[in-house]
Amino acid sequence: MTPVRTAFTFCLWTVYGFEPDCSGFMGKDELLEAFYKVLIVVALASVAIVLFLGLKNMATGGSANVSQKLMRMRILFQLIAVVVLMLGLFIFGR
């Protein structure tokens, strides 16, 4: 094992309570916050992508069924994004 990989493994063990010290690495709270930030970006990007696909379908005169499916997907992704945002506010309390 390389020294970097050993340090990374040591940090992961420490984050999950197997070792006593993890100075210089992310703790559980920072790791959770970083994961939450990525999750928010993914949720908002999925809403934007489906929205633009629906607009493109309408602008090019695409099928009404496809437009309806994209609208329903957008509403679902918006619901997921709002739930993720509210869950983050509840967990982090900011």
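**Reading a predicted model**

Biologist: Why is Tyr 36 called buried?

Modeller: In this predicted model, Tyr 36 has a relative accessible area of 15%, and because buried means under 20%, Tyr 36 is called buried.

Biologist: What makes Phe 92 partly exposed?

Modeller: The relative accessible area of Phe 92 is 23%, and since partly exposed covers what lies between the 20% limit for buried and the 50% limit for exposed, Phe 92 is placed in that class.

Biologist: How do you know that Tyr 36 and Phe 92 form an aromatic pair, and why is the pair called tilted?

Modeller: A search of the whole structure finds one aromatic pair. In that pair, Tyr 36 and Phe 92 are 5.4 Å apart, centre to centre, with 55 degrees between the planes. Rings pair if their centres lie within 6.5 Å, while planes under 30 degrees apart count as stacked and those over 60 as edge-to-face, so the value of 55 degrees leaves the description tilted.

Biologist: What makes this a link between distant parts of the chain?

Modeller: Tyr 36 lies in helix α2 (residues 28-59) and Phe 92 in helix α3 (residues 64-92), so that the two are 56 residues apart.

Biologist: Which residues make the nonpolar surface patch, and which elements give two or more of them?

Modeller: The patch, of about 630 Å², is made by Leu 32, Phe 35, Leu 39, Leu 87, Phe 90 and Ile 91, and the elements that give two or more residues are α2 and α3.

Biologist: Why is Asn 57 called buried, and which residues is Asn 57 in contact with?

Modeller: Asn 57, found in helix α2, has a relative accessible area of 13%, and because this is under the 20% limit, Asn 57 is buried. Leaving aside neighbours within four places in sequence, Asn 57 is in contact with Gly 62, Ser 63, Val 66, Ser 67 and Leu 70.

Conventions:
Residues are numbered from 1 along each chain as its sequence is written. This is a predicted model: local features need pLDDT of at least 70, side-chain atom pairs count only at pLDDT 80 or more; totals for chains, interfaces and linings use all residues. Side-chain values use heavy atoms; hydrogens and water are left out. Rings of Phe, Tyr and Trp (its six-membered ring) pair if their centres lie within 6.5 Å; planes under 30 degrees apart count as stacked, over 60 as edge-to-face and the rest as tilted. Helices (H or I, at least four residues) and strands (E, at least two) are DSSP runs, numbered from the N terminus. Buried means under 20% relative accessible area, exposed over 50%, partly exposed in between (1.4 Å probe, protein chains only). Patches are made of residues with over 30% relative accessible area and no salt bridge: like charges are joined within 9 Å, nonpolar side chains (Val, Leu, Ile, Met, Phe, Trp, Tyr) within 5 Å. Accessible areas come from the Shrake-Rupley method with a 1.4 Å probe; for residues, only the protein chains shown count as cover. A salt bridge is a side-chain nitrogen of Lys or Arg within 4 Å of a carboxyl oxygen of Asp or Glu. Contact means heavy atoms within 4.5 Å.
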